[in-house]
Amino acid sequence: MPDVLGWRAVFGVMGPSTNTVVQPDFEILRPPGITAQYSRIFTPNAKAISNESFRSGVALIGDNTLEAVRSVMTCEPDHLIMGMSAVTFFDGAAGADRFIRQVEEASGIGVTIGSHACTAALRAYGGVKRIAFLSPYWPVMNAEVARYFTDMGFSVVRERALQCRSWTAIARVTPAALVPVLKALDGDDVDAIVQVGTNLSMVRLAAAAELFLGKPVIAINAATWWHALRGRGIADRISGFGKLLEEH
């Protein structure tokens with residue numbers, strides 16, 4: 001018999017313990033019959049993050065991920081979702097594939113990750129070759145994101161690292177503060193804009209920005225959830241959060 005509430009699918013989601021955005025984002029995108037069961041990746045709330053300390057902090061999260069995987073597997077989910085994006089961009093496309101293998105070997109089931117979900121979303125729109133992206137990261141991590149997208153065949157025209165000073169500070173960046181960032185990233189030389197960093201709240205703003213910029217604007221939480229749904233054969237159209245979930 002299927003799960004009473006998750007009769008279509010039960011997702012296990014791993015997210016940093018400092019992340020307060022990805023869980024509510026996934027909840028507002030959740031169709032009937034789908035549940036998301038969260039497993040917190042222990043993450044000390046690093047203060048005064050710098051270019052030098054960012055990478056080591058993300059590496060610690062990566063090291064703790066498999067423990068969160070083992071924990072969430074006790075509820076017997078159908079599929080896993082990585083609710084933290086930085087570790088899925090490390091070492092380009094090869095690093096993303098390696099991360100998937102590690103999680104799938106530990107769990108025995110499939111996993112959706114943010115980097116490959118964004119690539120799938122860009123390809124779903126069609127005709128996207130030149131992109132810009134923004135993140136709450138520091139430049140050292142943006143370089144990894146740019147490397148990944150280049151590996152996947154895209155040209156990165158512009159990027160912006162918001163350089164948030166702690167993990168929890170990411171969730172305090174307002175949509176109003178992000179509007180001018182999006183406008184500065186845009187241009188005739190950009191086919192689409194991507195937002196990475198799952199603790200940065202942008203699923204609603206990205207949908208609005210598609211209207212005022214007239215091109216795809218992809219929020220990583222929306223792309224990741226969309227990719228997980230479609231990978232399970234769940235084709236529900238979800239309105240109000242951009243063309244990706246409404247039309248693809």
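On a 1 Å grid over the protein atoms alone, a cavity is a set of points where a 1.4 Å probe fits but cannot get out, while a pocket is an open set with protein on both sides within 12 Å along at least five of seven lines. A residue belongs to a lining when one of its atoms is within 4 Å of a point. Grid points are joined across faces, edges and corners, and a volume is the space filled by probe spheres set on the points.

With that in hand, welcome to the model. It is a predicted one, in which local features need pLDDT of at least 70 and side-chain atom pairs count only at pLDDT 80 or more, whereas totals for chains, interfaces and linings use all residues. Residues are numbered from 1 along each chain as its sequence is written, and side-chain values use heavy atoms, with hydrogens and water left out.

**The chain as a whole**

The chain has 9 helices and 8 strands; these are DSSP runs numbered from the N terminus, with helices being H or I of at least four residues and strands being E of at least two. Its radius of gyration is 17 Å, close to the 18 Å from the globule rule for 248 residues, so the chain is as compact as a globular protein of that length. That radius is taken over C-alpha atoms, and the rule is 2.2 Å times the number of residues to the power 0.38. Along its principal axes, the C-alpha trace spans about 55 × 40 × 30 Å.

Buried residues make up 55% of the 248 residues, where buried means under 20% relative accessible area, exposed over 50%, and partly exposed in between (1.4 Å probe, protein chains only). The chain exposes about 10200 Å², and carbon and sulfur atoms supply 53% of it; these areas come from the Shrake-Rupley method with a 1.4 Å probe. Among contacts (heavy atoms within 4.5 Å) with a separation of 6 or more, residues 24 or more positions apart account for 77%.

**Cavities and pockets**

The structure holds 3 cavities of 30 Å³ or more.

| Space | Volume |
|---|---|
| Largest pocket | about 240 Å³ |
| Second largest pocket | about 190 Å³ |
| Largest cavity | about 150 Å³ |
| Second largest cavity | about 80 Å³ |

For the linings, Ala, Val, Leu, Ile, Met, Phe, Trp, Tyr, Cys and Pro count as nonpolar, Asp, Glu, Lys and Arg as charged, and the others, Gly among them, as polar.

The largest cavity is lined by 16 residues, with Pro16, Met84, Trp167, Ile170 and Asn199 nearest its centre. Its lining divides into 10 nonpolar, 6 polar and no charged residues.

Around the second largest cavity there are 14 lining residues, and Val217, Ala219, Ala222, Phe241 and Leu244 lie nearest its centre. Two or more residues come from each of H7, strand E8 (217-219), helix H8 (220-231) and H9. H7 provides the largest share, 4 residues. By class, this lining has 12 nonpolar, 1 polar and 1 charged residues.

The largest pocket, at about 240 Å³, has 14 lining residues, and Gly62, Val87, Phe90, Phe99 and Gln102 are the closest to its centre. Helix H2 (51-72) and helix H3 (92-107) each supply at least two residues, with the largest share, 6 residues, coming from H2. The classes here are 6 nonpolar, 4 polar and 4 charged.

The second largest pocket, with about 190 Å³ of space, is also lined by 14 residues, of which Ala207, Glu210, Leu211, Gly242 and Lys243 are closest to its centre. Helix H7 (203-213) and helix H9 (243-247) each supply at least two, and H7 gives the most, with 5 residues. This lining divides into 6 nonpolar, 3 polar and 5 charged residues.

Aspartate 91 sits in the loop between strand E3 (79-82) and H3. It has a positive phi of about 65° although it is not a glycine, and its relative accessible area of 27% makes it partly exposed.

Glutamine 163 has a positive phi of about 55°, again without being a glycine. Its place is in the loop between strand E6 (155-161) and helix H6 (175-185), and at 33% relative accessible area it is partly exposed.

Glutamine 23 is found in helix H1 (residues 22-28), and counts as partly exposed because its relative accessibility is 29%. Leaving aside residues up to four places away in sequence, glutamine 23 touches Tyr38 and Arg40. Phenylalanine 133 is 110 residues from glutamine 23 in sequence and 22 Å away in space, C-alpha to C-alpha.
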